[in-house]
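I opened this notebook to keep track of what I looked up, one topic at a time.

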Amino acid sequence: MVADSSAQPGLTIAGAPISSPLKDVWALSRQMVGHFVENVAPCGTLPGDAIHGDVTTITRMNLEFAVSMLDGTDIPDKIERLKDAAAQWAREGVPIDTIHHAIHEGFKIGLELVVSGTAARQRKTGDGTMTITLSDYEALMGGAERVVGMLDTMTTAVSMAYVRELRAVVSEHHTAVHTLTSALLGGHPTSTMARECGIEIADTYRVLALAIPPHPEESNPILDAKVVARRKLRRVQAELATRCGDTALSLLSIDGGTLLIPADTTDDGPLADLVSALSHAARVPITATVVTAGTDTIPTAADQAHQLLDMVARLHSEPALYRFDDLALEYQLTRPGPGREYLGSLLDPLDHHPELLDTLQTHIAHNLNRQRTARLLHVHTNTVDYRLKRIGQLTGFDPTQASGLWYLRSALVARSYRGA
């Protein structure tokens, strides 16, 4: 049965609208959401922004719909708003079972409020029993019938809009773009796929390798880590689409991936801004490396970019955008050979002094800032100075001198690949 969405007369009991207990939808929706978090398992595993955003919105919209239906007003408009919201929830990765749990639990609470409000307005007889008129009884039964109809209408509208949006997300265009990106990264012909996507292949691309760390809430045992990670990825994808439209091609997962951005649409400054914006959207600091290459050399460039990203990670460098030109020397040091083995051995005297190796790594990774190094290591700056001096004594290379620092930084790079 699908409820008739046309306007019907409002229901009253004991001279008051039956919807009276539900009128304060803002306060009641917050109260209901608190109940959901405590008692509805899927809701309790969602991240905080979903609880205070999506779930609260679901609840408030359902309350508004319930009040309108009991009062017999403005039903079609609210159904359309509910459909729009369901499509948005699908795009943001809110699980469908969580939405339906919230709807049904909200109906249960709302019905209890309506019944208790009705009981409070009834007259008591001399022996303490409640009396109810025939018209009130008919109104109450009519209200119960409308509640069943509302539940049917809401679940149908939400499910259809949700599924329709999911199908749109994985539409043929999306699949074709994904295939096109894979073809470019694999060095395969792309002209036919590009025409199907309606995307013009650029002559030169900025090839970015991205590392997206886990969101802190992914390790929260109370939350559903997969939902948190999926929402993080979709925020990144949405920000990328907003800033680059269809010009940027990407293969991304919850922990990173590869971007292809036409070189003629951006230079180094906006590229750094883009990485910063993606970090803001993900709510975690993203590290990226970039190599510029012609279309026919994209596979090689992507391989270099990811090798460079691996090197940056091994050096514990700060999250930022790193260009191949800036780290070409360090990259070359990662190539196998006797030079790498020799440089890697320069730090062997620190094997029995892990605190010295950690200090050197942190100091170099944070641009030789003594104060920041001390803060990150939870020691005094004098301790940092002492450890740097001790490193110089043990290795023969003074980290406070340019020549010694060059060898020590090179040794860190080479050492991180020893035995790889």
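The entries below follow the order in which I looked things up.

**Ground rules.** I am working with a predicted model, in which local features need pLDDT of at least 70 and side-chain atom pairs count only at pLDDT 80 or more, while totals for chains, interfaces and linings use all residues. Residues are numbered from 1 along each chain as its sequence is written, and side-chain values use heavy atoms, with hydrogens and water left out.

**Helix pair.** I looked up helix α14 (residues 354–365) and helix α16 (residues 381–395), whose axes come within 10 Å and cross at roughly 110°. For my own reference, axes are lines fitted to C-alpha atoms, for helices over the stretch in contact, and angles run from 0 to 180 degrees between N-to-C directions. Helices are DSSP runs (H or I, at least four residues), as are strands (E, at least two), numbered from the N terminus. I therefore noted α14 and α16 as roughly perpendicular to each other, a label used for angles of 65 to 115 degrees.

On the α14 side I listed E355, L356, T359, L360 and H363, and on the α16 side V384, R387, L388, R390, I391 and L394, as the residues that make the contact, where contact means heavy atoms within 4.5 Å. Sorted by class, this contact holds six nonpolar, two polar and three charged residues.

**Salt bridges.** How many salt bridges does a search of the whole structure find? I noted eight, each being a side-chain nitrogen of Lys or Arg within 4 Å of a carboxyl oxygen of Asp or Glu.

One of them joins K232 and E218, with the closest N and O atoms 3.0 Å apart. This pair links distant parts of the chain, since K232 sits in helix α9 (residues 225–244) and E218 in the loop between β3 (204–211) and α9, 14 residues apart. K232 counts as buried because its relative accessibility is 1%, and E218, at 18%, counts as buried too; buried means under 20% relative accessible area, exposed over 50% and partly exposed in between (1.4 Å probe, protein chains only).

I then turned to R243 and E239, whose side chains meet at 2.7 Å, N to O. Both lie in helix α9, four residues apart, about one turn of the helix. R243 is partly exposed at 49%, and E239 is partly exposed at 21%.

My last entry concerns D351 and R415, which form a salt bridge with the closest N and O atoms 2.4 Å apart. D351 lies in the loop between α13 (338–345) and α14, and R415 in helix α17 (residues 402–416), 64 residues apart. D348, D351 and R415 are linked in a network of salt bridges.

Terms used: Parallel < 35°, antiparallel > 145°, perpendicular 65-115°, else oblique. Nonpolar A, V, L, I, M, F, W, Y, C, P; charged D, E, K, R; others polar.
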